[in-house]
Amino acid sequence: WRLAVADLYGEDGRRVNRANLVVYQAPFVRNNARQLVTDPLIENDADAFTVLPGQSRRFWLALHSRDMTPGRYTTTITVKPLDHQAVPRELWPVIPVTVEILPFALPATHEWPMDTFIWHGGMTPCQSEIPTLEFLHRHHINWVSTDRHRYDVGKPANGTLRHRAPVGSSTAPGTAYFDPANITANDDFLRLAVARRMNVLFAWNICRNSEWVKLMSEHMISLGFTYDQFIFSGMGDEFRASALPKYLPFHEQAHAVAPQVRWMCTVITTPPPEGCTEEQLDEVMRYIKTPILFNSHLWPREHERAQQKTAWLKRHPELHPWIYRCSMSAQTCPLLSYYRLGPLNARLCGVRGLAYWAMSSITGKRVERNGKMVTVTPDGFFDQADPEAQLFDGLTYWHPRKNIIPTKRLMALVEGLEDVAMIHLLEQKTPGHDLIKDENLMELHETESQTALDAWREQMLNALIQ
């Protein structure tokens with residue numbers, strides 16, 4: 001069978017190409033907790049599917065409406081057999097669909113009122129980062145991760161791991177080797193980022209060579225980026241206080257040759273003495289202007305640690321902090337509290353940035369192939385029990401060509417980003433509106449109810465079109 005989508009027609013006869021209506025299949029799969037779920041959203045070019053006796057199939061429709069004129073549109077979806085002579089035509093189910101396009105538009109991705117970033121899994125193969133960029137741009141996510149190894153030691157054509165550095169040098173985090181030829185090795189991706197007005201974050205870690213920082217940042221400016229549109233990953237991942245003598249001298253050197261470069265770092269929740277004191281963080285923030293703080297740093301707001309961290313941020317108005325949600329079992333995190341309400345939670349924490357681990361993270365075991373021991377990439381679609389796999393996780397599933405198979409969890413995050421954008425629009429239209437008062441948004445967040453969210457969204461839409 002297949003789902004045949006017809007063109008959409010407005011009340012005045014205006015025709016909209018059926019390509020605007022995307023059909024996703026939502027098959028049942030086992031997640032990494034062995035739960036049977038309909039999480040992945042699979043786009044099939046033929047919209048073909050099979051139904052076995054006693055089973056059902058689920059579908060998810062998404063309409064790209066940005067360039068559509070406001071009004072009511074109708075179309076049909078017909079369930080057709082692939083062999084059109086196998087079933088009499090009068091028995092083909094025809095599903096009428098009506099869509100209403102409201103007379104206001106959400107911001108363009110580059111104007112979205114919340115910065116959003118999703119890390120890439122360092123072991124997940126990616127031959128080209130362009131499909132990831134295009135996907136994120138279509139879904140309101142304005143920061144894209146790029147693998148820093150593409151620009152220093154380089155990556156092989158298969159898109160996994162990295163090239164070996166010359167004998168006597170190392171590519172481990174904190175090392176300084178780079179091949180200057182690799183500065184321009186990913187220019188097709190970077191030029192597209194400029195064209196789409198997307199922001200780029202270089203990770204994981206960065207080449208610890210101030211000359212690389214100077215050359216790479218100058219190259220980014222030459223391509224058309226501003227210093228606000230790219231970030232280098234600084235310090236070390238979730239660094240401890242003991243790491244400051246290792247990393248701060250490098251940042252001092254990098255700042256001397258490229259003072260306008262923007263840096264980020266992830267701040268752990270571990271308290272001193274293993275974690276940093278506020279005075280030590282003050283020293284770090286001389287160079288880092290985008291600290292990524294775990295959600296528990298700032299939430300719940302009434303907790304003493306959250307109040308202390310909020311007070312510290314107020315002493316640093318020059319910072320652009322992001323909230324970090326980092327679960328090693330993203331596939332099992334709650335749909336509402338972890339994804340849909342994530343952007344609202346960041347807003348209630350007083351920040352305008354949100355980061356998640358990870359888009360997809362696939363780690364395979366070292367196995368024998370043709371007499372050689374190699375690290376494999378296991379089947380990253382839905383075989384969570386693959387014996388060659390160590391880890392499958394992420395907000396999406398991995399695809400070897402498209403990079404991304406979206407999920408209902410990611411779409412819940414996208415809906416949360418739309419919530420925040422509508423709050424921003426209503427703030428501009430009607431400051432102080434009851435729907436966006438802090439106490440009412442807090443109640444919506446704490447209720448954690450799909451029914452309450454649906455009712456609030458309907459009220460928001462009505463308020464925006466009045």
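Me: How many bridges join strand β11 (residues 115-118) to β18?
Reply: This is a predicted model: local features need pLDDT of at least 70, side-chain atom pairs count only at pLDDT 80 or more, and totals for chains, interfaces and linings use all residues. Strands are DSSP runs (E, at least two residues; helices are H or I, at least four), numbered from the N terminus. Two strands pair if DSSP finds at least two bridges between them. β11 and β18 run parallel, and the number of bridges joining them is four.

Me: Which residue of β18 stands opposite Ile323?
Reply: Strand β17 (residues 322-326) also pairs with β18. The sense is parallel, over four bridges. Across from Ile323 is Leu354.

Me: Why is strand β18 (residues 353-357) largely enclosed by the rest of the structure?
Reply: Buried means under 20% relative accessible area, exposed over 50%, and partly exposed in between (1.4 Å probe, protein chains only). Gly353, Ala355 and Trp357 point one way from β18, Leu354 and Tyr356 the other way, and all are buried. β18 is largely enclosed because the buried count is five of the five residues.

Me: What is the bridge partner of Ser361 in β22?
Reply: Ser361 and Thr363 point one way from strand β19 (residues 361-364), while Ile362 and Gly364 point the other way, and all are buried. β19 pairs with β22 in the antiparallel sense over four bridges. The partner of Ser361 in β22 is Asp393.

Me: Is Gln25 buried or exposed?
Reply: Gln25 is in strand β4 (residues 21-25). At 7% relative accessibility, Gln25 is buried.

Me: What distance separates the side chains of Gln25 and Arg57 in their polar contact?
Reply: A polar contact is a pair of N or O atoms within 3.5 Å; within protein, one must be able to donate a hydrogen and the other to accept it, and residues adjacent in sequence count only if both atoms are side-chain atoms. The polar contact between the two side chains is 2.6 Å.

Me: How many aromatic pairs does a search of the whole structure find?
Reply: Rings of Phe, Tyr and Trp (its six-membered ring) pair if their centres lie within 6.5 Å; planes under 30 degrees apart count as stacked, over 60 as edge-to-face and the rest as tilted. One cluster includes Tyr151, Phe202, Trp212 and Phe225. The search finds a total of 21.

Me: Why is the pair of Phe225 and Phe230 classed as it is?
Reply: Both Phe225 and Phe230 are buried. Their ring centres are 6.4 Å apart and their planes lie at 80 degrees, so the pair is edge-to-face.

Me: Where in the chain is Tyr397, the partner of Phe382?
Reply: The two rings pair edge-to-face, 5.0 Å centre to centre, with 70 degrees between the planes. Phe382 is partly exposed at 23%, whereas Tyr397 is buried at 2%. Phe382 sits in the loop between β21 (372-375) and β22 (389-393), 15 residues from Tyr397, which is in strand β23 (residues 397-399).

Me: Over the face of which residue does Arg325 lie?
Reply: A charge sits over a ring if NZ of Lys or CZ of Arg is within 6 Å of the ring centre and within 35 degrees of the ring normal. Lys309 is placed over the face of Trp312, at 5.3 Å from the ring centre. Arg325 lies 5.5 Å from the ring centre of Tyr338.

Me: How many disulfides does the count come to?
Reply: A disulfide is a pair of cysteine sulfur atoms within 2.5 Å. Buried Cys276 (13%) has its nearest cysteine sulfur, that of Cys265, 8.5 Å away. Partly exposed Cys326 (30%) is 9.8 Å from the sulfur of Cys333, too far for a bond. The count is zero.

Technical notes
Residues numbered from 1 in each chain as written. Heavy atoms only, no water.
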